[in-house]
Amino acid sequence: MSAATAGLKVRKNRPKDGPSIKYYVLREMLERRKISVNWFADALGETVNVVKGTKGDFPLEKLDQCIDLLNNWSGPRTGQAGLIKTGKSETVTKEMLLA
């Protein structure tokens, strides 16, 4: 199966020796916590495309802020917030988000 058929995108502009973010993990954590990508991107001060990984690279200098927002989100939630059990949410760490 090729990268194109698997739905993966190959990025050529990021240096190979530096760390990169696992966008699929970030999207999964947002979905689990019922946080809108739009609201999260706004709170982070980035575009939705950067947060999704569809255009531009995630600024690694904002990784700590990203983790803090994920773990302590106080903004609006999508769907019914009553379904969220914040005590059972997995704490997000740098190791989880970095490739």
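I began with Glu 46, which at 24% relative accessibility counts as partly exposed (buried means under 20% relative accessible area, exposed over 50%, partly exposed in between, with a 1.4 Å probe and protein chains only). I note that this is a predicted model, in which local features need pLDDT of at least 70, side-chain atom pairs count only at pLDDT 80 or more, and totals for chains, interfaces and linings use all residues. Residues are numbered from 1 along each chain as its sequence is written, and side-chain values use heavy atoms, with hydrogens and water left out.

Next I looked up the partner of Glu 46 and found that its side chain meets that of Lys 62 in a salt bridge (3.0 Å, N to O), a term for a side-chain nitrogen of Lys or Arg within 4 Å of a carboxyl oxygen of Asp or Glu. Glu 46 lies in the loop between H2 and helix H3 (48–52) and Lys 62 in the loop between H3 and H4, so the pair ties together parts that are 16 residues apart in sequence; helices here are DSSP runs (H or I, at least four residues), numbered from the N terminus.

I then turned to Lys 94 and Asp 64, whose side chains form a salt bridge at 3.1 Å, N to O. Lys 94 lies in helix H5 and Asp 64 in helix H4, so this pair ties together parts that are 30 residues apart in sequence.

Last, I checked helix H4 (residues 63–71) itself, where Leu 63, Cys 66, Ile 67, Leu 69 and Leu 70 are buried.

Terms used: Helices (H or I, at least four residues) and strands (E, at least two) are DSSP runs, numbered from the N terminus.
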